[in-house]
Structure formats: C-alpha cells, structure tokens
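Please read them alongside the structure.

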Amino acid sequence: MTLSNKISPFLWFDGKAHEAANFYVSIFKNASLLNVSHLEAGPAEGNHFVEFELEGLKFAAVDALPAFDFTPAISFVVSCDTQEEIDHFWESLSEGGEKEQCGWLKDKFGISWQIVPSLMPELMAKAQREVIEALLPMKKIEISKLREAAGL
C-alpha cells in the first residue's frame, strides 16, 4: 500500500474494486487510477487491490469475500459550485444506482454520495428553515430554488 494521505478511505468490494475505481475515475475531472495489484495470497487471493485518486483524495479498494455491505451511515460529499456540476455528478454517479432525497444517491456499487451546492452553509445561515423546507421535497438539488428560499 502506497497511499500518502494520513487517513484514506478503504473500500471493500465483492469482486468489483477495479471496475468501481474505473467508474469513479471516469466521472471526476481530477482523477486517476494509481495502482492495481493482483492479490496472490490470503482469503482474497486472485482478486485486486486498487489505489485511485479523486480530486486530491486517495482511496484504496480491495476485492474480497462478500462479507460486508456499504450503508448510508458513511457517505462521500461532493461540493459543487454550479448547477451543471450538480447535474453531472448526480446523473453520472446515480447511473445504475438509486436517486434518493436531498441530494443523496447510492451508486451501482452501493456507496452513498451527497451531491450538494458549495454555498449550502451560506444558504443555511441566511434562512435555515426556509432552505430545509425547499430541500426536503427535492431529490437532485436545484440551486436556484434554494437561493430563492433563502431570499437571494
């Protein structure tokens, strides 16, 4: 393992770590596949260990026994400056997965993501109740509706 972050996400996949890494790298602009190793021993023998980077954050992933599932208790937040960014990440990451409420989605590998506007803290500080009321019926977040709710 060659990750240089002090703390890095480590994802356990049931035989799809390399496929998942390629999927994520194809979606993010600043992304790369760093390393793919074949495991030659242990319970995951014959599978892959993968390292990849998305927007400066390094991840590790392994193919292993189907012992664990991902849950929404852990999610990755993608902060977006424009509606176009929200649309891109929402459509790309949800492909084959599930679109959920308030900017949440589950991708085809079961990982939860939150696709949110970077100005959300500013909107919440301005008019929290109104912004939350506008947000709750949404699946994909619409910045213009949140700005309107905040009086901006």
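1. Leaving aside residues up to four places away in sequence, Q114 touches S75, F76, V77, V78, G103 and W104. The model is a predicted one, and this point should be read with that in mind.

2. Q114 lies in strand β8, which covers residues 112-117. The relative accessible area of Q114 is 18%, so the residue counts as buried, the cut-off being under 20%.

3. One of the contacts of Q114 is polar: its side chain and that of S75 are joined at 2.8 Å.

4. Strand β8 as a whole is largely enclosed by the rest of the structure, because 6 of its 6 residues are buried. S112, Q114 and V116 point one way from the strand, while W113, I115 and P117 point the other way.

5. Strand β5 (residues 75-80) runs parallel to β8, and 6 bridges join the two. Within this pairing, V116 of β8 has S79 opposite.

6. Strand β7 (residues 104-106) pairs with β8 in the antiparallel sense, over 3 bridges. W104 has Q114 as its bridge partner in β8.

7. Elsewhere, I7 sits in the segment before β1 (10-13). Is I7 buried or exposed? With a relative accessible area of 72%, I7 is exposed, since the cut-off for that is over 50%. I7 and A149 are 142 residues apart in sequence, and their C-alpha atoms are 37 Å apart in space.

Notes: Residues numbered from 1 in each chain as written. Predicted model: local features only at pLDDT ≥ 70, side-chain atom pairs only at ≥ 80, totals over all residues. Heavy atoms only, no water. Helix = DSSP H or I, 4+ residues; strand = E, 2+ residues; numbered from the N terminus. Buried < 20%, exposed > 50% of the residue type's maximum accessible area, 1.4 Å probe, protein only. Polar contact = N/O pair within 3.5 Å; in protein donor to acceptor, adjacent residues only side chain to side chain. Contact = heavy atoms within 4.5 Å. Pairing = 2+ DSSP bridges.
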